[in-house]
Amino acid sequence: MREAASRITVRSNSTEWQLPLITGASIRELLDATHLRVRASCGGTGGCGACTIRLVSGNATPLTHAEREKLSPEQQQQGYRLACQLRPVGSCLLELDDPAPLSAWRTIPADELHPVHRSSLASWASPLGVAVDLGTTHLRVSLWNRHRRLACRLGINPQVIHGADILNRLHEASRDPQRAEALSDLARQAISEALLDMLTRDLGEPAMFKKIGRVMIVGNTAMLTLLAGNGSVRLLDPEGWDPGLVCQPRDPERWQGRWGLPNGRIILVPPVDGFIGSDLLACVVATRLIEAPPGAMLLDLGTNIELALWDGRWLHVASTPGGPAFEMSGIRHGLPIDTPGAVTHLYESGEDLEFITSGHGPPQGYCGTGLLDAIAVLCRRQLLKPSGRFAIPVTDGGFPLDPDNPATAITGRDVDQFQRAKAACAAAVETLLDHAGLHPGRLHGLWLCGAFGAGLDVENARQLGLLPSLDPDRIRKMPGAALAGCESLLGVSEHTDPLAGLRARMRPVHLATHERFEDLFIRHLRLTIP
């Protein structure tokens, strides 16, 4: 078993949260990455004094000047601290008596944020700007001034109430204009709520809405279409993809006015073609894919799988439905990755299994990366055949990897959903290589983007056939790549098209009509174990 790392335990309202120790991070910063948050309105300076928390045991940095100013001598004697000032230096136990109301928004973890060179923002005239990665399941939003990122948020795309599958949402929007407008409002309101949360908690100035001069949004084509409230019918018909989909609102002035941003210009970065969205463009920008040697590939894995292949001259791009397995919709015990108890990874030590969960509590189900690890374990232990069928009798409840915990069960349908998603990805990779005239052996490097791709166990993914047999040293991960690329685009002058050169190099490939894709999909359904 792996050696246990230092942990921060926070008790609040009969609930116990386990947080990782991150050197230099305050308790407020650690909690802001969860759904348990302290009250705050000063941006972490200690000025409001609202984020009181009691240090029961453990070592932490000494009281700061702000804490001595805001906490009474009695509070200090009882162990009370300000969460924004308190930085643990080892395992410790804390009690939070008065948490902030539950929020749909969390601060994006630091390892999912990437630097944007300051010079790219130098010509930007807007006081504040916003970058948005509008995903099928999650929204990522960051707030910038001319020189730096001020705050960021991660939350669920509320459109999921109309279905985790993007086709369900498109059909819903295509039924009548009012339904399309309702779906658009859900996403728009969510972005506005994220902005208000950042302005209130991180800057302490909610009135700064009027200082937002630009909102740059990237996303897959379906999400951009649903946000604009226009184009879902065309997107459902491949014959309507040429000329390219614009994904812009029918009445831009009215649509702009509903955002509640009097000085903000809302920019939807157009997609490439069909279901190849501008989120893929942003990932290409963030990873600098076309600066790499020929044979560099990028995979953005999710409900919609998008991929790009650079051959040294052209950038071949494509997309294919991944199905619900990577986002855990339709999985018996599927959970979003940030749900407490969601299994994110599974490790073997002899016959023992170690479940790593979000929040570090007991397993309550699996997120996408945990499901991949579980299927890899079942295959290695010969409990699953390469066909995906169980090698032993299994009840309708599935096979529990922990016999004492039914929430760890994997069902035959779960395996089938995963097989379809991994077959779609593997077939797309092979088809794109074939289209570009590149042998798989000439694949120089691979970027994995998106929450699932950046979090998966590369060796398990290679063993199951999800990823190509590439030297692990040539596989790089970049969580938050779409947001990072959008942040780069945010700083570009309004009078230039920063993606004109990139678009000119692109060669879209429609996999659904490619002569080899269906045969490759069927072949890749098998779970390949060396």
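Predicted model: local features only at pLDDT ≥ 70, side-chain atom pairs only at ≥ 80, totals over all residues.

Arg288 lies in the loop between helix 9 and strand 12, the latter comprising residues 296-300. It comes just after helix 9 and takes a positive phi of about 55°. Most residues other than glycine have a negative phi. Arg288 is a residue other than glycine, yet its phi is positive.

A second residue may be described in the same terms. Gln382, in the loop between helix 10 (368-380) and strand 18 (399-400), has a phi near 60°, again a positive value in a residue other than glycine. Its relative accessibility is 64%, and Gln382 therefore counts as exposed.

## Helix 9

Is helix 9 mostly covered or mostly uncovered? Helix 9 spans residues 278-287 and is mostly covered, with 9 of its 10 residues buried. The buried residues are Ser278, Asp279, Leu280, Leu281, Ala282, Cys283, Val284, Ala286 and Thr287.

An open sheet is formed by 6 strands in the order 6-9-8-7-10-11, and its pairing is mixed. At the edges are strand 6 (105-106) and strand 11, each of which pairs on one side only. Strand 6 is joined to strand 9 (residues 149-156) by 2 bridges in the antiparallel sense; here Arg106 stands opposite Leu154 of strand 9. Two helices pack on this sheet. Helix 5 touches strands 6, 7, 8 (138-144), 9 and 10, and its direction makes about 45° with that of strand 8. Helix 14 (residues 481-490) touches strands 7, 8, 9 and 10, and its direction makes about 145° with that of strand 7.

In strand 11, Leu268 stands opposite Ile217.

## The packing of helices 4 and 5

Two packed helices are described by the angle between their axes and the distance between the axes. For helix 4 (residues 166-175) and helix 5 (residues 177-201), the angle is about 130° and the axes are 5 Å apart. The two helices are therefore oblique to each other.

Which residues make the contact between helix 4 and helix 5? Helix 4 contributes Arg169, Glu172, Ala173 and Arg175, while helix 5 contributes Arg179, Ala180 and Leu183. Of the residues in this contact, 3 are nonpolar and 4 are charged, with no polar ones.

Strand 15 (residues 342-349) and strand 17 run parallel and are joined by 2 bridges. Ala342 has Gly365 of strand 17 as its bridge partner.

## Nonpolar cores

The largest nonpolar core contains 59 residues, and those with the most contacts inside it are Leu299, Leu401, Leu456, Leu466 and Leu467. Helix 11 (residues 412-436) supplies the largest share of this core, 12 residues. Apart from this core lies another, of 41 residues, which includes Leu150, Leu170, Met198 and Val215.

What does Leu299 touch, when residues up to four places away in sequence are not counted? Its contacts are Glu306, Leu307, Cys425, Val429, Leu446, Trp447, Leu448, Cys449 and Leu467. Among these, Leu467 is itself one of the residues with the most contacts inside the largest core.

Key. Residues numbered from 1 in each chain as written. Heavy atoms only, no water. Axes fitted to C-alpha atoms, helices over the stretch in contact; angles between N-to-C directions. Helix = DSSP H or I, 4+ residues; strand = E, 2+ residues; numbered from the N terminus. Parallel < 35°, antiparallel > 145°, perpendicular 65-115°, else oblique. Contact = heavy atoms within 4.5 Å. Nonpolar A, V, L, I, M, F, W, Y, C, P; charged D, E, K, R; others polar. Pairing = 2+ DSSP bridges. Core = buried A, V, L, I, M, F, W, Y, C linked by side-chain atoms within 4.5 Å. Buried < 20%, exposed > 50% of the residue type's maximum accessible area, 1.4 Å probe, protein only.
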